[in-house]
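Subject: Handover of a structure and the findings on it

Dear colleague,

Please find the structure below, together with its sequence. The findings follow directly after it.

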Amino acid sequence: MMNPKPLVLKPGDRSAALHVVGTKVTVLVSEADSASQQITLQSGDEGSGPPPHSHDWDESFYVTKGQVQFTCSDRTTMCPAGTLVHVPAGTVHAFSYGPGGGEILEVTGASSRAVQMFSALNREVVPGPPDVPEIIRVANKYGVRFDL
């Protein structure tokens, strides 16, 4: 159930980061905090990141550290810190962290199931080389479709 009160989340108040297929995901605002958006802070090593995929919610990314290469539809752009990328619902997109790794703030729109999916991937996919069929199975349960 959503908490209708304002939220102030200081660094010491954050939950432990989730480990989601090579990306560290810290949940800042979950579906329990807001019905209109979810917010995560994500970081990863150079080259890591999700393959082309789509889902039924809008998503915006703000690059906070390093560089992140985004592909939206057929356009690929290396984005330095300070760049905002908005991806409308249904758009095929992917990203990978650039040289030295990177960090992004992700804001997902209403009907997002991103935090639920990240939590499930953290729980159900064992660390190590990616088990692609298992990742696809888990992500599909939350409305994410891969364009492999």
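A salt bridge, as the term is used here, is a side-chain nitrogen of Lys or Arg within 4 Å of a carboxyl oxygen of Asp or Glu. This is a predicted model, in which local features need pLDDT of at least 70 and side-chain atom pairs count only at pLDDT 80 or more, while totals for chains, interfaces and linings use all residues. Residues are numbered from 1 along each chain as its sequence is written, and side-chain values use heavy atoms, with hydrogens and water left out.

Salt bridges

By this rule, the count comes to 6 salt bridges. Arg123, Glu124, Glu134, Arg137 and Lys141 are linked in a network of such bridges. Within this group, the side chains of Arg123 and Glu124 meet at 3.7 Å, N to O. Glu124 also forms a salt bridge with Arg137, where the closest N and O atoms are 3.0 Å apart. Because Glu124 lies in helix H1 (residues 114–124) and Arg137 in helix H2 (residues 132–140), this pair ties together parts that are 13 residues apart in sequence. Helices (H or I, at least four residues) and strands (E, at least two) are DSSP runs, numbered from the N terminus.

How open are these residues to the surroundings? The terms are set by relative accessible area: buried means under 20%, exposed over 50%, and partly exposed in between (1.4 Å probe, protein chains only). Arg123 counts as exposed at 58%, whereas Glu124 is partly exposed at 26%. Arg137 is likewise partly exposed, with 38%.

Another salt bridge joins the side chains of Asp56 and Arg145 (3.0 Å, N to O). This pair links distant parts of the chain, 89 residues apart: Asp56 is in the loop between S4 and strand S5 (59–72), and Arg145 is in strand S9 (residues 145–146). Asp56 counts as exposed at 53% relative accessibility, and Arg145 as partly exposed at 36%.

Where is Pro51 placed? Pro51 sits in the loop between strand S3 (38–44) and strand S4 (53–54). Its relative accessible area is 34%, so Pro51 is partly exposed. Leaving aside residues up to four places away in sequence, Pro51 touches His93, Ala94, Phe146 and Leu148; a contact means heavy atoms within 4.5 Å. Pro51 and Ser73 are 22 residues apart in sequence, and their C-alpha atoms are 12 Å apart in space.

The chain as a whole

The protein chain has 2 helices and 9 strands. Read along the sequence, they follow the pattern β-β-β-β-β-β-β-β-α-α-β. Of the 148 residues, 39% count as buried. Among contacts between residues at least 6 apart in sequence, 65% join residues at least 24 apart.

The C-alpha atoms fill a box of roughly 40 × 35 × 30 Å, taken along the principal axes. The radius of gyration of the chain is 15 Å, which agrees with the value near 15 Å for a compact globule of 148 residues. This radius is taken over C-alpha atoms, and the globule rule is 2.2 Å times the number of residues to the power 0.38.

Yours sincerely
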